[in-house]
Amino acid sequence: MTELEEYYNKFNEEKRLDSRHGQVEFITSMHYIHKCLNRLAEIKQPSEIKILDVGAGTGRYSIPLAEEGYDVSAIELVKHNLGRLKQKCSLVKAWQGNAVNLRRFEDKSFDVTLLFGPMYHLHAWEDRLAALGEAKRVTRGWILVAYIMNEFSVITYAFKERHVLEALKNGMLDENWHCTRKANPLYSMVRLEDTEQLNAEAGLKREKIIAADGAANYMRPFLNALTEEEFDAFIRYHLATCERMELMGASGHTVDILHVE
């Protein structure tokens, strides 16, 4: 069992996305997935629209999309998560696998491909490029790629949780304050320029990028204290502002929306 598998056997990603700050990320990501799907709906029925969820976890995204009538396939590395997904929903066609090798799928066989987990854990540049290359190969519409942002990690772990001196001493941050692999062997943090270079090297065209959770991760206790009506207002505010570039770098997560001809 890999370190990543051991981690996800204990970590409840589903619970995170059900939390108030996680709901912001989930609602926002689904909002933009549906924007892509609605454009496809002009020429196809839902059952004809094929979605691939790479790094699907326990099905937080793939299951509701399948229940909406879309043709959903899922790839998940961790056996525990894959078992939970299959147990919860028979509508999703699910296999064990990883993002850097999607050879079971033919070229341009999906309209929308989600990479909502793999880039969190791929440290090597060539592995990130391989994941993007495979997603590009199997897609003929949109790829949505989620990243964890560098500045969120520095602000929260190094400064808010007061690990900055330890991080500097142990090489967890480089001279440009970019998180190194020593910062977290499981998670990989990026900056906007990293995503732009990856897209350029993979030959992918960005349609837009969104701050999937924006300020939500910084204000968890305040979000939890909001009434439902107040939280609904926050969601409306966030959806109205999540494309603003000034929010991108410090957002906990971004979603890069790429178009493939």
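In the predicted model, Lys-108 sits in the loop between β3 (93–96) and β4 (110–115). Its phi is near 50 degrees, a positive value in a residue other than glycine. Lys-108 counts as partly exposed because its relative accessibility is 41%, between the cut-offs of 20% and 50%.

Trp-177 also has a positive phi, of about 65 degrees, although Trp-177 is not a glycine. Trp-177 is placed in the loop between α9 and β6. With a relative accessibility of 35%, Trp-177 is partly exposed. Asp-174 lies in the loop between α9 and β6 as well. The relative accessible area of Asp-174 is 27%, so this residue is partly exposed. From Asp-174 to Met-219 the chain runs 45 residues. Their C-alpha atoms are 27 Å apart in space.

A further positive phi occurs just after α8, where Arg-162 takes a value of about 60 degrees. Helix α8 itself covers residues 150–160. Its buried residues are Asn-150, Phe-152, Ser-153, Val-154, Thr-156 and Ala-158. The cover over these buried residues includes strand β5 (139–149). Helix α9 (164–169) and strand β6 (189–190) are also part of that cover.

The overall fold was examined next. The secondary structure comprises twelve helices and eight strands. For 261 residues, a compact globule would have a radius of gyration near 18 Å. The protein has 18 Å, and therefore agrees with that expectation. Along the principal axes, the C-alpha trace spans about 55 × 45 × 35 Å. Of the 261 residues, 51% count as buried. Contacts between residues at least 6 apart in sequence were also considered. Among these, 73% join residues at least 24 apart.

The surface exposes about 12700 Å². Carbon and sulfur atoms supply 52% of this area. The protein carries 33 positive and 39 negative charges. The mean positions of the two sets are 2 Å apart.

In soluble globular proteins, nonpolar side chains tend to be buried together. Here, the largest nonpolar core holds 46 residues. Ile-33, Leu-37, Leu-65 and Leu-144 touch the most other members. Helix α3 (residues 20–40) gives the most to this core, with seven residues. A second, separate core has 28 residues. Its members include Ile-75, Val-138, Leu-258 and Val-260.

Asn-199 is buried, because its relative accessibility of 4% falls under the 20% cut-off. With residues up to four places away in sequence left out, Asn-199 touches Leu-132, Leu-204, Arg-206, Asp-256 and Leu-258. Asp-256 is 57 residues from Asn-199 in sequence. The C-alpha atoms of Asn-199 and Asp-256 are 9.6 Å apart in space.

Two lysines were also placed. Lys-50 is found in strand β1 (residues 50–54). At 27% relative accessibility, Lys-50 counts as partly exposed. Its contacts, not counting residues up to four places away in sequence, are Asp-71, Ser-109, Phe-110, Asp-111, Val-112 and Arg-140. Arg-244 is 194 residues from Lys-50 along the chain. The C-alpha atoms of Lys-50 and Arg-244 are separated by 30 Å.

Lys-79 is found in helix α5 (residues 79–88). With a relative accessible area of 59%, over the 50% cut-off, Lys-79 is therefore exposed. Lys-79 and Val-92 are 13 residues apart in sequence. From C-alpha to C-alpha, Lys-79 and Val-92 are 16 Å apart in space.

Key: Residues are numbered from 1 along each chain as its sequence is written. This is a predicted model: local features need pLDDT of at least 70, side-chain atom pairs count only at pLDDT 80 or more; totals for chains, interfaces and linings use all residues. Side-chain values use heavy atoms; hydrogens and water are left out. Helices (H or I, at least four residues) and strands (E, at least two) are DSSP runs, numbered from the N terminus. The radius of gyration is taken over C-alpha atoms; the globule rule is 2.2 Å times the number of residues to the power 0.38. Buried means under 20% relative accessible area, exposed over 50%, partly exposed in between (1.4 Å probe, protein chains only). Contact means heavy atoms within 4.5 Å. Accessible areas come from the Shrake-Rupley method with a 1.4 Å probe; for residues, only the protein chains shown count as cover. Lys and Arg count as positive and Asp and Glu as negative; His and the chain ends are not counted. The place of a charge is taken as NZ of Lys, CZ of Arg, CG of Asp or CD of Glu. A nonpolar core is a set of buried Ala, Val, Leu, Ile, Met, Phe, Trp, Tyr and Cys residues joined through side-chain atoms within 4.5 Å.
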